Amino acid sequence: MNKILYTNKHKAGIKCDERFDVDLDFLTKKEFELFKNIAQAVRANIEIFGFSKEYQEHFAAKPVLKSQFELEHISIFARFSKRVISFTRGRARIRYRGKTKSVQRLPNHCTIHNATNFTIYPQ
């Protein structure tokens with residue numbers, strides 16, 4: 001299912017999956033552009049390539065960042081939540097994880113366009 005999110009700060013609307021936990025007005029311009037790319041890729045992967053099962057498995061396993069000690073394999077839908085953004089701004093880097101059916105690639109060599117989860121590495 002899709003929902004449409006509007007933002008006053010960036011003067012835009014984005015059609016994205018309803019599982020995304022995001023406040024668009026909280027994001028910087030760079031984070032907003034990254035969210036647009038990921039939201040579009042997730043919609044394409046679900047609608048065109050049929051990845052809905054992979055996304056749902058990761059969303060069911062770890063839908064949110066629960067503590068600062070569980071930083072691995074968090075669902076991509078929690079990537080832009082206030083808690084993750086506040087924790088990672090300037091203090092951590094993100095490594096995306098996932099697999100693709102269209103390109104032969106190992107799960108640890110993932111681009112944002114086929115990511116189903118991510119890991120946070122504090123600096």
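Contact here means heavy atoms within 4.5 Å. On that basis, residues 24 or more positions apart account for 49% of the chain's contacts with a separation of 6 or more. This is a predicted model: local features need pLDDT of at least 70, side-chain atom pairs count only at pLDDT 80 or more, and totals for chains, interfaces and linings use all residues. Residues are numbered from 1 along each chain as its sequence is written, and side-chain values use heavy atoms, with hydrogens and water left out.

**Overall make-up**

- The chain has three helices and five strands. Helices (H or I, at least four residues) and strands (E, at least two) are DSSP runs, numbered from the N terminus.
- The order of elements from the N terminus is β-β-α-α-β-α-β-β.
- The chain is as compact as a globular protein of its length, because its radius of gyration of 14 Å is close to the 14 Å that the globule rule gives for 123 residues. That radius is taken over C-alpha atoms, and the rule is 2.2 Å times the number of residues to the power 0.38.
- Along its principal axes, the C-alpha trace spans about 40 × 30 × 25 Å.

**Surface and charge**

- Of the 123 residues, 41% are buried. Buried means under 20% relative accessible area, exposed means over 50%, and partly exposed lies in between (1.4 Å probe, protein chains only).
- The accessible surface comes to about 7,200 Å². Carbon and sulfur atoms hold 52% of that surface. Areas come from the Shrake-Rupley method with a 1.4 Å probe; for residues, only the protein chains shown count as cover.
- There are 23 positive and 12 negative side chains. Lys and Arg count as positive and Asp and Glu as negative, while His and the chain ends are not counted.
- The centres of the two charge sets lie 5 Å apart. Each charge is placed at NZ of Lys, CZ of Arg, CG of Asp or CD of Glu.

**The N-terminal hairpin**

- Strand 1 (residues 2-7) and strand 2 (residues 12-17) run antiparallel and are joined by six bridges. Two strands pair if DSSP finds at least two bridges between them.
- Tyr 6 has Gly 13 of strand 2 as its bridge partner.
- Four residues lie between the two strands of this hairpin.
- Lys 11 sits in the loop between strand 1 and strand 2. Its relative accessibility is 72%, so Lys 11 counts as exposed.

- Three strands make an open, antiparallel sheet in the order 3-5-4.
- Strand 3 (74-75) and strand 4 (92-97) are the edge strands, each pairing on one side only.
- Strand 3 and strand 5 (residues 117-122) are antiparallel and share two bridges. Here Ile 74 stands opposite Phe 118 in strand 5.
- Strand 4 and strand 5 are antiparallel too, joined by six bridges. Arg 93 faces Tyr 121 of strand 5 across this pairing.
- In a regular strand, side chains alternate between the two faces of the sheet.

**Positive phi residues**

- Most residues other than glycine have a negative phi.
- Lys 11, not a glycine, has a positive phi of about 55°.
- His 73 is not a glycine either, and has a positive phi of about 55°.
- The loop between helix 2 (52-61) and strand 3 holds His 73. At 42% relative accessibility, His 73 counts as partly exposed.

- Ile 85 belongs to helix 3 (residues 82-88). With 1% relative accessibility, Ile 85 counts as buried.
- Setting aside neighbours within four places in sequence, Ile 85 is in contact with Phe 26, Leu 27, Glu 31, Arg 79 and Phe 80.
- Ile 85 and Leu 27 are 58 residues apart along the chain, with their C-alpha atoms separated by 8.1 Å.
- Glu 33 lies in helix 1 (residues 29-47). At 29% relative accessibility, Glu 33 counts as partly exposed.
- Glu 33 and Ser 67 are 34 residues apart in sequence and 26 Å apart in space, C-alpha to C-alpha.
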